[in-house]
Amino acid sequence: MKILVPVKRVVDYNVKVRVKPDQTGVDLANVKMSMNPFCEIAVEEAIRMKEKGLAEEIVVVSIGPAGAQETIRTALAMGADRGIHVTTDAIVEPLAVAKILAKIAGEESPELIILGKQAIDDDANATGQMLGALLGWPQGTFASKVEKDGDTLKVTREIDGGLQTVSFGLPAIVTTDLRLNEPRYASLPNIMKAKRKPIDAKAPEDYGVDLTPRLEVLKVAEPPKRQGGVKVETVAELVSKLKNEAGVL
Amino acid sequence: MATLVIAEHDNKSLNEATRAAVTAAKKMGGDIHILVAGQGAKSVADEAAKVEGVAKVMLAESDALGHKMAEALESLVLSIAEGYDAILAPASTVGKNFMPRVAAKLDVMLISDITSVESADTFIRPIYAGNALMTVKSSDKVKVITVRPTTFEKAGDGGSASVETVSAPDAAAKSAFVSEELSKSDRPELGAAKIVISGGRGMGNGENFAILEKVADKLGAAVGASRAAVDAGFVPNDYQVGQTGKVVAPQLYIAVGISGAIQHLAGMKDSKVIVAINKDEEAPIFSVADYGLVADLFKAVPEFEEELSKIGY
Ligand SMILES: Cc1cc2nc3c(=O)[nH]c(=O)nc-3n(C[C@H](O)[C@H](O)[C@H](O)COP(=O)(O)OP(=O)(O)OC[C@H]3O[C@@H](n4cnc5c(N)ncnc54)[C@H](O)[C@@H]3O)c2cc1C
Ligand SMILES: Nc1ncnc2c1ncn2[C@@H]1O[C@H](COP(=O)(O)O)[C@@H](O)[C@H]1O
């Protein structure tokens, strides 16, 4: 089985982003960038499947600026086999990402594509499902457990209210939730080894996909700030304030 | 203009989140139709028909729809999508699962998790864990949208729409339902509760959540948690509040032993009143809390429960 893992380079999750004063976007200058945490989980899951002998090859793809190559290297250092970097400085919406990935899936014929459930920058939670629809493949999203049984995949999904388990044949799409696994750190020897693993350099034009955004960003604003409140000294004071001042008890 | 709203429900009753989506649809203008896709869900359709401002309800039933399978929902919605200018669903784990499929097939960009309708083509949605609010204008022919239920009023009753049955087409891609494990609770649903009390890593273990549950039962509140508490196995996954869990906006949110990471704040900072109980006075949660109590939770929470009794709870 070949597994394709799309990975996105995003602002590191520890960074508190700031909106630009001109409200055109958030300030990304000199901000730490990392692999989207859900994508790390996707890479880890693919590697575990390979280690169990369920997969032979793991191909990681990233669509993004020059820096995305570093993200691909990180995945290679974790244990993926090779990379495809579709280089663009444009902001690529999930629909266009899904279209490029669908073309790559056509060329690579993976049996499984594992994506993150959500990129923590756009918070769209859309690409995997869109890709599933474009390819006409079934999906197991928000996965907290993935089991392969012959030609079928059984996926336990985190849903509102609990857990749901679904099963389907391959090829298929899986998107990862937080509790699927804990991604490994790349060891130094593996980081060195990853430097020699191949990364194919591509351009969006190679796939004939129109990247023009469908959503025009009119404004990016800061959310209304919460007024820092007061500290109360005792529980009795707290309850009294909630009842008499805030009126919520 | 006509808008299709896809109902959120459990095959028995209409989930309140649907009413929030109807309100968002109203702000866009035009006729509103509701699709109830399920199994044995006639009572849901009847309930939907009474929602104020709804002109028509369609009921489609099949086994796969009863389990909210994304592929089945995709095929069904596409089969009736023609003629609609907008398709809306609550941004629940069901909506998030199938709506992007619908959008991709219609060759339009999904507008996820909107918190405001500015006009029929312009919307506001949070990005970066709610640290920025993006206003976007869609140039697509059909607007496919998921709606954050907490930021819209719930449309009330007062309508008398007709209910018609539509057939459920076979899904193009197939997956099978295996099983479901739903947390059983007599407490209100996290997303709809007026009061939420959440515990974090500071709770120490799952058994200790009992002290929060006691308070919750007194107040008729729902119990939530931080990711750290869920990851540690203290409580089930569906308790998680945050950027990648549930978004809540109750009248009162009580954070107990939660530090206040941005990912957690993303899920609760629109609550009307926030209380934080934490032994670390430097904890970031205090910067969003209306009332902060620096205290050991194992002392403060039982005391809180006692004080509630004193005022008649
Ligand atoms: C991709 C991604 C997505 C995420 N999504 C979410 C999400 O949706 N929701 C979420 O919550 N987190 C999320 N996180 C995790 C988030 O970054 C934090 O790690 C998490 O919220 C911390 O949980 P916590 O506050 O319970 O734990 P901690 O940060 O460990 O805080 C525990 C707090 O308890 C206090 N405490 C300890 N003992 C006591 C006591 N006896 N009495 C009083 N106070 C006490 C401590 O002072 C401390 O402030 C996400 C992270 C990533 C990377
Ligand atoms: N530019 C990109 N390059 C590669 N993968 C991406 C890209 N954008 C999104 N993805 C994948 O889609 C997932 C969900 O992203 P999103 O739909 O934007 O929330 C991510 O976790 C990635 O696996």
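Q: Where is A:S109 placed in chain A?

A: In this predicted model, A:S109 sits in the loop between helix 3 and strand 6 (112–116) of chain A.

Q: Which loop holds B:Y128, and what is its phi?

A: B:Y128 belongs to the loop between strand 7 (122–127) and strand 8 (132–138) of chain B. Its phi is positive, about 50°, although B:Y128 is not a glycine. B:Y128 counts as buried, at 12% relative accessibility. A positive phi also occurs at B:D107, near 55°, and that residue follows helix 5 of chain B.

Q: How is the peptide bond from A:L170 to A:P171 set, cis or trans?

A: Omega is the angle to read. Here omega is near 0°, and the bond from A:L170 to A:P171 is cis. A:P171 lies in the loop between strand 9 (162–169) and strand 10 (172–176) of chain A.

Q: What does A:Y13 touch beyond its neighbours in sequence?

A: Leaving out residues up to four places away in sequence, A:Y13 touches A:P37, A:I120, B:I262 and B:Q263. The list has names from chain A and from chain B. A:Y13 is in the loop between strand 2 (9–11) and strand 3 (33–35) of chain A, and it is partly exposed, with a relative accessible area of 45%.

Q: How many helices and strands does chain A have, and how much of the chain is buried?

A: Chain A has six helices and 13 strands. Of its 249 residues, 54% count as buried. Contacts can also be sorted by sequence separation. Among contacts in chain A between residues at least 6 apart in sequence, 70% join residues at least 24 apart. Along the principal axes, the C-alpha atoms of chain A fill a box of roughly 65 × 45 × 40 Å.

Q: Why is helix 5 of chain B described as largely enclosed?

A: Count the buried residues along the helix. Helix 5 (residues 93–105) of chain B has 11 of its 13 residues buried, so it is largely enclosed by the rest of the structure. Those buried include B:N97, B:F98, B:R101 and B:V102. Helix 4 (residues 70–80) of chain B is mostly covered, with nine of 11 residues buried; B:E71, B:E74 and B:L76 are among them.

Q: Which residues have the most contacts inside the largest nonpolar core?

A: They are B:L35, B:V36, B:I87 and B:F98, in a core of 141 residues. Helix 3 (residues 94–108) of chain A gives the most to this core, nine residues. A second, separate core has 37 residues, including A:V248, B:V230, B:V256 and B:V301.

Q: What is B:L35 in contact with?

A: Beyond neighbours within four places in sequence, the contacts of B:L35 include B:V5, B:I6, B:M58, B:L76, B:I80 and B:V166.

Q: How do helix 6 and helix 9 of chain B pack, and at what angle?

A: An α-helix has 3.6 residues a turn, so residues three or four places apart point the same way. Helix 6 (residues 209–219) and helix 9 (residues 297–310) of chain B pack at about 20°, with axes 10 Å apart. Angles under 35 degrees count as roughly parallel, and these two helices are therefore roughly parallel to each other. The crossing is left-handed. Its contact residues include B:L212 and B:V215 of helix 6 of chain B and B:V301 and B:L308 of helix 9 of chain B. By class, the contact has 10 nonpolar residues, one polar and three charged.

Q: At what angle does helix 6 of chain A pack against helix 9 of chain B?

A: The angle between helix 6 (residues 235–244) of chain A and helix 9 of chain B is about 50°, and their axes are 9 Å apart. That makes helix 6 of chain A oblique to helix 9 of chain B. This crossing is right-handed. Among the residues making the contact are A:L238 and A:L242 of helix 6 of chain A and B:A300 and B:F304 of helix 9 of chain B.

How values were computed
Residues are numbered from 1 along each chain as its sequence is written. Chains are lettered from A and ligands numbered from 1 in the order in which they are written. This is a predicted model: local features need pLDDT of at least 70, side-chain atom pairs count only at pLDDT 80 or more; totals for chains, interfaces and linings use all residues. Side-chain values use heavy atoms; hydrogens and water are left out. Axes are lines fitted to C-alpha atoms, for helices over the stretch in contact, and angles run from 0 to 180 degrees between N-to-C directions. Helices (H or I, at least four residues) and strands (E, at least two) are DSSP runs, numbered from the N terminus. Angles under 35 degrees count as roughly parallel, over 145 as roughly antiparallel, 65 to 115 as roughly perpendicular and the rest as oblique. A crossing is left-handed if the near helix is turned anticlockwise from the far one by less than a right angle, and right-handed if clockwise. Contact means heavy atoms within 4.5 Å. Ala, Val, Leu, Ile, Met, Phe, Trp, Tyr, Cys and Pro count as nonpolar, Asp, Glu, Lys and Arg as charged, and the others, Gly among them, as polar. A nonpolar core is a set of buried Ala, Val, Leu, Ile, Met, Phe, Trp, Tyr and Cys residues joined through side-chain atoms within 4.5 Å. Buried means under 20% relative accessible area, exposed over 50%, partly exposed in between (1.4 Å probe, protein chains only).
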